[in-house]
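Welcome! Please take a moment to look over the sequence and the structure below, and then we can walk through them together.

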Amino acid sequence: EGYAAQIVAEDVDRWLAEDHQADKPFFMTVWLHEPHGPINTDPRFIDLYGPEYDTKLKQYLGNITQIDEAVGAIVKSIEKAGLTENTLIWYASDNGPAGAGDNDPKTNHRGSTGGLRGRKSYTYDGGIRVPAVIKWPAGIKDPGRSSDVPNVGHDMFPTIMEIAGLPLPDDRVIDGVSILPLLKEEPFERKRPIYWRNGKEVMRVAIREGDWKLICDSKRTTWELYNLIDDPNETKNMTKSHPELFEKMKATLIAYDNEVL
């Protein structure tokens with residue numbers, strides 16, 4: 001009983017103390033419910049926010065604080081177990097914020113996209129571009145730096161496999177790439193574009209190659225091409241002004257999408 005994030009953090013602490021064998025490596029995946037709806041926040045976190053915030057916003061802000069405390073508790077549990085130095089922690093969201101908008105008074109889903117187009121369930125960057133934090137003292141020699149090089153969730157598998165010194169399976173297509181060179185500040189190359197297929201929004205299939213992103217509906221009847229450096233909010237469709245690039249990326253997207261379907 002209790003609030004989800006804290007229950008999960010307590011179970012991590014128990015597992016590390018009681019079940020983990022110190023002479024063996026481990027992999028742990030931790031899924032935190034917050035701030036997915038229905039939002040349920042411990043009053044002690046809600047009370048941190050004063051009367052200048054409306055009730056639903058206080059619920060949301062407290063929910064984020066609830067996550068922060070739980071993640072901090074997990075990090076402390078790893079420290080207590082003496083595993084900090086050679087444990088890689090990869091922390092990220094799975095999608096952009098839910099709800100109708102940053103300040104919609106009807107909902108307590110108040111997360112901001114920072115001005116990016118779309119939200120959860122959209123394949124515009126507001127729905128898929130999220131921050132990630134990686135901590136790995138033994139492998140990252142320059143902590144505190146940031147990178148704007150894009151990566152995607154399916155990069156996690158090949159990255160972890162390379163760090164563990166294990167070969168990738170050869171009986172399936174591997175969509176992601178190892179970003180270990182990026183962590184080590186070494187040259188990084190992605191041979192395949194980043195690919196997305198979203199479940200709800202009409203414009204839901206996309207690839208990104210370098211600075212360019214091509215997006216289409218699931219029936220491939222409507223196409224939009226954006227340069228994410230010049231136009232991060234995806235407002236200027238460049239399919240007609242860059243026809244050769246559009247046709248090239250279109251063929252790539254169709255081939256990739258056919259492979260996945």
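Leaving aside neighbours within four places in sequence, which residues is glutamate 185 in contact with? They are Asp142 and Arg145, where contact means heavy atoms within 4.5 Å.

## Before we go on

This is a predicted model, in which local features need pLDDT of at least 70 and side-chain atom pairs count only at pLDDT 80 or more, while totals for chains, interfaces and linings use all residues. Residues are numbered from 1 along each chain as its sequence is written, and side-chain values use heavy atoms, with hydrogens and water left out.

## The chain as a whole

The protein chain has seven helices and six strands. Here helices (H or I, at least four residues) and strands (E, at least two) are DSSP runs, numbered from the N terminus. Along the principal axes, the C-alpha atoms fill a box of roughly 60 × 50 × 35 Å.

Of the 261 residues in the protein chain, 36% are buried. Buried means under 20% relative accessible area, exposed over 50%, and partly exposed in between (1.4 Å probe, protein chains only). If you take the contacts between residues at least 6 apart in sequence, 53% of them join residues at least 24 apart.

## Glutamate 185

Let us return to the residue we began with. Glutamate 185 sits in the loop between α6 and β3. Its relative accessible area is 51%, so glutamate 185 is exposed. Lysine 80 is 105 residues away from glutamate 185 in sequence, and their C-alpha atoms are 29 Å apart in space.

## Arginine 192

Arginine 192 is also found in a loop, the one between α6 (180-183) and β3 (194-197). Is arginine 192 buried, exposed or partly exposed? It counts as partly exposed because its relative accessibility is 26%.

Not counting residues up to four places away in sequence, arginine 192 touches Val173, Ile174, Asp175, Tyr256 and Glu259. Two of these partners deserve a second look. The side chains of arginine 192 and aspartate 175 are joined by a polar contact of 3.3 Å, and a polar contact of 3.1 Å links the side chains of arginine 192 and glutamate 259. A polar contact is a pair of N or O atoms within 3.5 Å; within protein, one must be able to donate a hydrogen and the other to accept it, and residues adjacent in sequence count only if both atoms are side-chain atoms.
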